[in-house]
Amino acid sequence: AATLHLPPSLSRHHPTFNTSLLKPYFPRDPSLGPSAHAHPPPVFSDHTGAYYLIERIVAEKRGADGEPVYTLKWVGWPHSANTEARHSFLIDEPGGKIAI
């Protein structure tokens, strides 16, 4: 038997497994070409960083200063890659609208 340290999102599962159910992880050989599970490349990138498309806002809360903080789902990325961003980070300056 093996006891795993599971993330909180899997807390409903028992952490001890029969070792016959576990499989070793082997990194994918990049020479085989892109994987069906590969993440999409950035929409564009420049000297300030890479830019990706937001699929939707999953949740909203208020920061300590009252500014909205959004949990974002990114296009082509799994929910495990969701991130939080402050409202001011998402503002499209010319229109003053969230850049989704």
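Start by selecting Asp-65: with a relative accessible area of 55%, this residue is exposed. Keep in mind that you are looking at a predicted model. Arg-86 is partly exposed, at 33%.

Next, pick Glu-67. Its side chain also forms a salt bridge with Arg-86, at 2.6 Å from N to O. Glu-67 is in the loop between S5 and S6, 19 residues from Arg-86. Is Glu-67 buried or exposed? Glu-67 is buried, with a relative accessible area of 18%. Show Asp-65, Glu-67 and Arg-86 together and you have a network of salt bridges.

Move on to Glu-55 and Lys-73, another salt bridge, 3.4 Å from N to O. Glu-55 belongs to strand S5 and Lys-73 to strand S6, so this pair ties together parts 18 residues apart in sequence. Glu-55 is partly exposed at 41%, while Lys-73 is buried at 7%. The salt bridge count comes to 4.

Last stop: the rings. The count is 1 aromatic pair. Select Tyr-52 and Trp-77: the ring centres are 5.8 Å apart and the planes stand at 90°, so the pair is edge-to-face. Tyr-52 is in the loop between strands S4 and S5, and Trp-77 is in the loop between S6 and S7, so the pair ties together parts 25 residues apart in sequence. Tyr-52 is partly exposed at 34%, and Trp-77 is partly exposed at 23%.

Notes
Residues numbered from 1 in each chain as written. Predicted model: local features only at pLDDT ≥ 70, side-chain atom pairs only at ≥ 80, totals over all residues. Heavy atoms only, no water. Phe/Tyr/Trp six-rings, centres within 6.5 Å; stacked < 30°, edge-to-face > 60°. Helix = DSSP H or I, 4+ residues; strand = E, 2+ residues; numbered from the N terminus. Buried < 20%, exposed > 50% of the residue type's maximum accessible area, 1.4 Å probe, protein only.
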